[in-house]
Amino acid sequence: MAFLELDGLTRRFGALVAVDQVSMRVEQGEVRAVIGPNGAGKSTLFNLINGVLPASEGEVRFDGRRLNGLSAFEICQLGMSRTFQITALFPEMTARDNARLAAQARLGGRWRPFGGGAVFAEAERRADAALERLGLGHVAGEVAGYLSHGDQRLLEVAMALAQRPRLMLLDEPTQGLSVEETGKAVETLTELLSDGKLTVLLVEHDMEVVFRLAQRITVLHRGAVIADGTPDEVKADANVQSAYLGGFE
Amino acid sequence: MDTLAFILTQCVNAFSQAALLFFLGCGLTLIFGIMRIVNFAHGTIYMAGAYLGYTSVRWLGGFVAALMVAPIVVGVLGVLFELFILRRLYGRDGNAFLMVTFGLALVLGDAVQVVWGAPPLQVPPPAALAGIAFFLDEPFPVYRLFLIGFGTVMAIGMWQFLERTRLGLLIRATSQNPDMVHALGTDVRVVRSGVFGIGCGLAALGGVLAAPLVTASLGMSLAAVVDAFVIVIIGGMGSFLGSLIGALIVAFVQVFGNYYLPEAALAFMYLVMLTVLVVRPGGLLGKEE
Amino acid sequence: MRGWIILLAVVVVLAAAPLGLPLFMMTLLTEALILGLMAMSLDLMVGYTRLVSFGHAAAYGLGAYSAGYILLHSDTPVLFAVFIAAAMTGIVAIAAAWVFTLATGVSFAMLTLAFAQLLYAIAFQWQQVTGGSDGLAGIPRRGGPFGFDLLTSKIGYYYLVLLCLFGAYLFCRTLVNSPFGAVLRGIRENENKTRALGYNTRAYKIGVVAIAYALGGLAGALYAPFAGFTNTELLFWLFSGQALIMVIVGGAGTLIGPILGAALFLLAQHQLSSVTETWAIYFGLMFIAVVLFLPEGIWGTLMQRLGRKTQRV
């Protein structure tokens, strides 16, 4: 039994089939990328996995547990943290408070209506560690809304990391970044993922980023899986070539 | 009185009531749809319309003149309010608009009292509409029949305006994506000023039309703003068709509720609204914000 | 530390007020503190969670009618009656909030309004319990067993109100600075993200609404025996709007600001209405000016000028 299993996952919006019978297996410690042209259903797939949208058909199993019917926050509590394609932060809080609130979600006293010194201290420790790993230590005290776009993208990853997740879903971490910023972000992410302790599902547009970060790639086209394999296998796949009209070169 | 005649009478009452409520509701929903502003002063503007109608009838001597003058005067005031006050607040959160329009309601409400005094004022319906028509041996006030006709004509007219004209298209586009409209070369600020003016003008028009039925009084603003909100909430914030449906529902609940269960009519109206919101949080034809 | 000293000084000054102020001023001050409690409770929703309510009069009215009914129909001492009424309001609010939180944004605000107006309609019609349009009259400030007879006097009652407000303030301050409060701020800034982070945001919202209504109910419950009567005005939407204005004029998200806003509101109403018939005009203009020129409210702006963004994360 794999760590994350999708079985015949399908989502329809009226007549449109956004995600069509998607099945895949992700093992623990794996960095898996989901790629595909615009509108291939990648973000919808994420929304199905973490419970933002209910599936029309099929099921998701995470560490042996069926996730259908659970809401996003419950799934998150099982150890699955995600980032969003469009940056979602708390813009008026500092970067540290953003990460702190993320970390707090995993602590027993997260709801306590009084005191909470110990909760805050532990959350802050985890937050600072996560910020440090993504190279954001020097901006921890800055208000998130004023950070550069690149730092905001990384801050979202740091927030996911501060939750000490068992599975991270990263939705286009380099979305909207300049070439320079992308380079820096990929550098940071490569380092983060190099120790093989994190299990990551990654949606990405930028093929260079995908080939540097992922060990396995699943290709979606019009909602359905058309290829699945190592980067080299996927590159050579004829279906993929035609879906992308001219391949990756 | 036989059943058919009774139902007919109640329906005439309800439909004429719906016509008044429609003017109230569609102005509010238009303003919300385009500007994302919850206009708390809407009922007070409706009341001001009724009082202006009274003065127009006395000075200009004609109800038709009042129907033109009061909405235009109020509409212009609305545009000025948008230009000098609301315009400074775009980019702030909704609380700011809420409070400013609440302030406007206080100011306008008291201004009306200063100008026209506290006692309610009777506005006679125009002579041609003052009579009673008989149908199935039942008397029907001609004025109510006129309201139904006028409301229908205006509703169809506005619907066609929004669907068919360039200006209508512009308004609908602005409600969906103001930034895009702006980028395509239309000054959204002008659209906003205009829409706020039109919305206020519509409320005033409703006020003028209501005056012969209910007399112009200071109390009508509170009742009106609550009715307007209920209509728009039931129909869906920002939906033109929704305000029409909302007005019909509220009018029928009020008229039939008042007949059968006068004690619970008020509560029943809110229950209908709560039920709609629970089933469809954005209203019948609205999208949830 | 300096904050605590100032706070203590304010409480001492307020506690000493009966020594220096004539009785009619004490009446006004008592009412200001009661309204302050009401506005502060609304601030938990509006300022800290950005749950805008058009219907906080529901909390106040529910508290007032409950306390009034208990005092009129039983021998319960006033001290117990107000707390029972507050608790009842909070419990009703849990059910109401369950419904409110089906919606968000403007629809949420409208649901709070609908609930308040529903209560208004009920209070208007349910003659036997609520007294209908006359309301409840002759509500006693009944003393109690252990020397609570103090509370029957105007000054004694003032101290009860002061104590309630002070206690509620400390409670709210603890709440907004707790882990629970941190989540509320998350909801304020980005509810979807907060949910994605693993928080059951709806439960937090129901929680804060229940607390806000219980404290608003406490304010109403204190008002009923203070004024000696209740009427449907207490449930009317106009009052909800006024409460919202107190919060925003004073400074949403500061707790102190709304209390100040309530006091200013009452003072302005009192002063202006004795000078001019048309006080609401000046009142309205004042509000518009505050919104235009002091977007953070009076207290919020003051704190900003002093360079301390207190309470705001």
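Modeller: Residues are numbered from 1 along each chain as its sequence is written, while chains are lettered from A and ligands numbered from 1 in the order in which they are written. In this predicted model, local features need pLDDT of at least 70 and side-chain atom pairs count only at pLDDT 80 or more, whereas totals for chains, interfaces and linings use all residues.

Biologist: Which chains share the most contacts?

Modeller: Two residues are in contact if their C-beta atoms, placed from the backbone, lie within 7 Å. Two pairs of chains are in contact, and chains B and C share the most contacts. Chain A and chain B are joined by no contact; their closest C-alpha atoms lie 14 Å apart.

Biologist: What is the secondary structure of chain C?

Modeller: Helices (H or I, at least four residues) and strands (E, at least two) are DSSP runs, numbered from the N terminus. Chain C has 13 helices and two strands. Its C-alpha trace spans about 50 × 45 × 40 Å along the principal axes of chain C.

Biologist: Is Val176(C) buried or exposed?

Modeller: A residue is buried if 20 or more other C-beta atoms lie within 10 Å of its own, exposed if 12 or fewer, and partly exposed in between, with C-beta atoms placed from the backbone. Val176(C) is buried because 25 other C-beta atoms lie within 10 Å. This residue, Val176(C), belongs to helix α7 (residues 154-176) of chain C. Of the 313 residues in chain C, 58% are buried.
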